[in-house]
Amino acid sequence: MTQPKPAETAFLPRPAFASFYATEWPGAVRLAGLLTQDARVAEDLAQEAFARVFPKWDRIENPHAYLRVAIVNACRTWQARRRTERTKLPLLADTEASELGFDALADAVAALPYRQRAALVLRYYLDLKESEIADAIGCRPGTVKSLTSRALAALRKEVEQ
Amino acid sequence: MRQSTDDDLETRLRELFEHQAVGIGGNGRAWHDAPMVADELEPRRRPRARAAAIAAIAVAASVLLVIGIVATAPAPARDAVTVGGQPGSSVPLHFATEQVRFDASALKIAANGRTFTAAGSQVDVNSDPGYATYQTLELGWHEHGVAMRLYFYFAADAHDWWVSSLTTYNGHAEPDSIEYRGPFFRTPLGSAYTGDVDLVPAEAPGAHLRIANMRLQPFLPPPLCNTQTGAYAIESNDGAQISLDAPGSVFDDTVTLYDRARCRPVSTPGRFIYQFTSSTRGVVSVQGEGCDPSGLPAGYCDTHTYVSLMAQGPGRATMHVEAIDVRTLAVVARLDVPVTAKR
């Protein structure tokens, strides 16, 4: 009969997960920040996503993809609860951003529906393939095409105004 | 000109996201510092990846069928079939979805020095229903201890369909795709391509794809042509049922009007307009949004009209869709789509 693990050690992280966490944490926070366009909640949402990965660590074939899905979904849920409140993500150097003319584009990105923004972030920030974006968002590849096209059309319209 | 504009915008988006990402930070943190207790989280909610997969499968409305092949184990939790070549099987490989049928007597994918046949494997079978000029057949399985895929990407015009490209995995533990660039198998719509396939990719030395006695037909007539009555039928492209998240969440659907006699999208889309209404506005509001062709694939707006649904409160409702002939103002087709909004 298998002896139960002592309670104090049952949920200690295995070295591999701790290493995965340390390596992936900065990228996860940034992805959550870009998806929500809110740096204030990025760490909380990234943490929630890691907490989804941890209990399944032994059974997950592709932890990077699993983590990505968890982040996208955590941000979607947060976005839905947040309803219509929208803020623009602060840039590292606002002066430089203004010089680069990012203000209007950043506003337009922040105003996009969540799935459209997620498609853009996953494509243009993470450089994911269409099939990977579809897996992360939970839609079909054809829908990714549509989401991306609509988002770009909306941005173009806003930026050109 | 359009390409140049798109490229500029895409470049600026990349730059914007890079700047924003730097601003977000995300300083190093160790798992032991994490402010949470892992074991308490497990029972709270269903795993999100699984939920996403279930939703994707449901929305895709894909069907798994095997003719002449017998599943050797109890039905697995996920959609999959066992590929065998059992005694008496007239067609060793048969995969069908609502959109695509594929039959063949043998499949051989050479990649990373190995040959993949899918024999004895549990194969996931899905299609992206796409639209009038785009569909997929997506086969995925594990063999030799690694993941393998065979994806067909279909295209069509008013007369023919063809495979625009095929992809497989490269046979590595961390897989990447091998692309076989088409066009291949140009065939009149409504007909199947039959023949042997022997392809070598342009950029993967040693790889090849062979399919014996393949019979392939995408763009199968949708079931709605049999389930609806009248001269026209409406399809909700994002599922026969729509599930919304918490109040405030938005879901974009598209609808397509079919000429039932041909079971193809109507050839004169400008003759029709759509009216969308919600049975219960306290649960879901609906707003028709037409179709702006900017940036969309050519012809997409000929077959797609957008409707945006926003959850207002938890409950069930119905989205009523009516197609109206602008010449007579008569309603020529109706469709009711059940909608569920979560808390």
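Author: Start with a bridge. In S15(B), B:Ser236 has B:Val255 as its bridge partner. This is a predicted model.

Reader: How many bridges join S13(B) to S15(B), and which way do the strands run?

Author: There are 5 bridges between S13(B) and S15(B). The two strands run antiparallel.

Reader: How many residues of S13(B) are buried?

Author: S13 covers residues 232-236 of chain B, and 4 of its 5 residues are buried. The strand is therefore largely enclosed by the rest of the structure.

Reader: What should I keep in mind about side chains along a strand?

Author: In a regular strand, side chains alternate between the two faces of the sheet. Now take a whole sheet. One open sheet in chain B has 4 strands in the order S14-S21-S20-S17, with mixed pairing.

Reader: Which strands stand at the edges, and why does one side of each lack a neighbour?

Author: Strand S14 (242-244) and strand S17 (272-278) of chain B are the edges. Each has a single partner strand, so one side of each is left without a neighbour in the sheet. On average, neighbouring strands of this sheet are turned by 25° against each other, direction ignored.

Reader: How do S20(B) and S21(B) pair?

Author: They pair in the antiparallel sense, over 11 bridges. S20 spans residues 315-325 of chain B, and S21 spans residues 330-341. For one facing pair, look at B:Ile324, which stands opposite B:Val331 in S21(B).

Reader: Let me step back to the chain. How many helices and strands does chain B have?

Author: Chain B has 5 helices and 21 strands. Of its 343 residues, 35% count as buried. Contacts tell you about the fold too. Among contacts in chain B with a separation of 6 or more, 56% are between residues 24 or more positions apart.

Reader: Show me a single residue. Is B:Thr136 buried or exposed?

Author: B:Thr136 counts as buried, because it has 23 C-beta neighbours inside 10 Å. The cut-off for buried is 20 or more. B:Thr136 sits in strand S7 (residues 134-143) of chain B. B:Thr136 and B:Gln99 are 37 residues apart in sequence, yet their C-alpha atoms are 8.3 Å apart in space.

Reader: Where is B:Cys263 placed?

Author: B:Cys263 is in the loop between strand S15 (250-259) and strand S16 (264-265) of chain B. Its phi is positive too, about 50°, although B:Cys263 is not a glycine. With 16 other C-beta atoms within 10 Å, B:Cys263 is partly exposed.

Reader: Which peptide bond is cis?

Author: One is the bond from B:Gly182 to B:Pro183, with omega near 10°. B:Pro183 is in strand S10 (residues 177-188) of chain B.

Reader: Now helices in chain A. At what angle do H7(A) and H8(A) pack?

Author: Helix H7 (residues 130-137) and helix H8 (residues 141-160) of chain A pack at about 95°, with axes 8 Å apart. That angle makes H7(A) roughly perpendicular to H8(A). The contact includes A:Glu130 and A:Ile133 in H7(A), and A:Pro141 and A:Val144 in H8(A). The residues of this contact divide into 5 nonpolar, 2 polar and 2 charged.

Reader: And how do H6(A) and H7(A) cross?

Author: The axes of helix H6 (residues 114-125) of chain A and H7(A) cross at roughly 135° and come within 10 Å. That makes H6(A) oblique to H7(A). Their crossing is right-handed. A:Arg115, A:Ala118, A:Ala119, A:Leu122 and A:Arg123 in H6(A) meet A:Ile133, A:Ala136 and A:Ile137 in H7(A).

Reader: Which residues of H7(A) are buried, and what follows the helix?

Author: A:Ile133, A:Ala134, A:Asp135, A:Ala136 and A:Ile137 are buried. After H7(A) comes A:Gly138, with a positive phi near 85°.

Key
Residues are numbered from 1 along each chain as its sequence is written. Chains are lettered from A and ligands numbered from 1 in the order in which they are written. This is a predicted model: local features need pLDDT of at least 70, side-chain atom pairs count only at pLDDT 80 or more; totals for chains, interfaces and linings use all residues. Axes are lines fitted to C-alpha atoms, for helices over the stretch in contact, and angles run from 0 to 180 degrees between N-to-C directions. Angles under 35 degrees count as roughly parallel, over 145 as roughly antiparallel, 65 to 115 as roughly perpendicular and the rest as oblique. Two residues are in contact if their C-beta atoms, placed from the backbone, lie within 7 Å. Ala, Val, Leu, Ile, Met, Phe, Trp, Tyr, Cys and Pro count as nonpolar, Asp, Glu, Lys and Arg as charged, and the others, Gly among them, as polar. A residue is buried if 20 or more other C-beta atoms lie within 10 Å of its own, exposed if 12 or fewer, and partly exposed in between; C-beta atoms are placed from the backbone. A crossing is left-handed if the near helix is turned anticlockwise from the far one by less than a right angle, and right-handed if clockwise. Two strands pair if DSSP finds at least two bridges between them.
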